[in-house]
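Student: I would like to take a close look at one part of this protein, and I would be glad of a connected explanation. Could you guide me through its charged side chains?

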Amino acid sequence: MRSIWNGAISFGLVSIPIKLVNATESHSVSFRQIHIEDGGRIRYKKVCELDGEEVTQAEIGKAYEDADGTMIPITDEDLAALPLPTAKTIEIVAFVGAGEIDPLQMDAAYYLCANGVPAAKPYTLLREALKRSDKVAVAKYALRGRERLGMLRVVDDVIAMHGLLWPDEIRAPEGVAPETQVTVREAELDLADALMATLGEVDIDSLHDDYREAVEEMIAAKAEGGAGVAPAEPETGGGGQVIDLMAALESSVRAAKEARGEKAGASEASEAREASEAEVTELRPRKRTAAAVPKETGAKKSTARTAAKKTAAPARKSTAKTAKTAKTAKSTTPATTKTTATKSTAKKTPAKKATTAKKQPAKSQTQKKATPRKRSA
């Protein structure tokens, strides 16, 4: 592998000459811009905006644009004169636990290889020290015109370095989390745990870029004179909102088990769902019982209340129309009750009617009892 940087690791008073090699590579398919009409390649030319002439790379330098638009030229000599101790040195500043490094800070990855035979011994010493301590080294280094932060760790028998973003380059996650208050039930967490356990672990080496392979197949088909790859059929049932989260989790667990060749019968996910449904159905009998109480007690109510409601019903009627009330009073009031067209008489009529209905049997009994007394006298 070709090295992109030569320098040394500063480990206290120990200096380890190393070469920096890229540990990653991109396999993404790149495209060129062309003129659609004739297929000609589109190229960018570097032109000076003052004289309009195209310039070569050797004629191009650096400059800093001030706030007012003024260009301040910066040369390589200006940058080389800066007091940068990490210009050619990876300076280790601390050893910390790997868990103390935020994964959000991870950037590009590199391999550090010993540069020459004399570097083999100190290189191996640092590697074994990192292994035994189960820690990583935090270092500062300079690359491509700027000072950077790095993390050194052991990968197999090689020291690898991950470029790290500076802490102030990490954005705070403000306004990202859901603002709506959501309550997650224990049964839902149990199903999520069951799904995680079913999916289990995966061999990272078995994962690959399906999209890149599809692009390569399409390019090969077009290169052979074909029309490319037929468009994939849209998946049915996808998208939209999840109506039943429990059902979706249970289906996911079942599908994961089938994909792994396991039996898709009763599982922990089904038991968790049944427990969740049991919790919900326990509340239903209480609601039905509460709703049925008035019906059961209503059948046992006394007929006196029914009569009272019937006699009280006329009292709710409006007395705005005096003539209609007077007619109603005449038809319902006994002959002994006087009828008038006033509102107060119309309101009192139902009460008198009820009183008369109750007192009539009493009068008849009194007359029957009084008659024998007169005869005996």
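Student: Is Arg 185 buried, partly exposed or exposed, and what is its relative accessible area?

Tutor: Bearing in mind that this is a predicted model, we can say that Arg 185 is partly exposed, with a relative accessible area of 34%. Its side chain meets that of Glu 188 in a salt bridge, at 3.6 Å from N to O, and Glu 188, at 13% relative accessibility, counts as buried. Side chains of opposite charge can pair when their charged atoms come close. A search of the whole structure finds nine salt bridges, and another of them links Glu 128 with Arg 127, where the closest N and O atoms are 3.1 Å apart. In that pair Arg 127 counts as buried, because its relative accessibility of 14% falls under the 20% limit, whereas Glu 128, at 36%, counts as partly exposed. A further salt bridge joins Arg 212 to Glu 216, and here the closest N and O atoms are 3.1 Å apart. These two residues lie four residues apart in helix 4, which spans residues 210–223, so about one helical turn separates Arg 212 from Glu 216. Glu 216 is itself partly exposed, having a relative accessible area of 38%. Returning to Arg 127 and Glu 128, we find that they belong with Lys 131 and Asp 157 to one network, joined by salt bridges that share partners.

How values were computed. Residues numbered from 1 in each chain as written. Predicted model: local features only at pLDDT ≥ 70, side-chain atom pairs only at ≥ 80, totals over all residues. Heavy atoms only, no water. Salt bridge = Lys/Arg side-chain N within 4 Å of Asp/Glu carboxyl O. Buried < 20%, exposed > 50% of the residue type's maximum accessible area, 1.4 Å probe, protein only.
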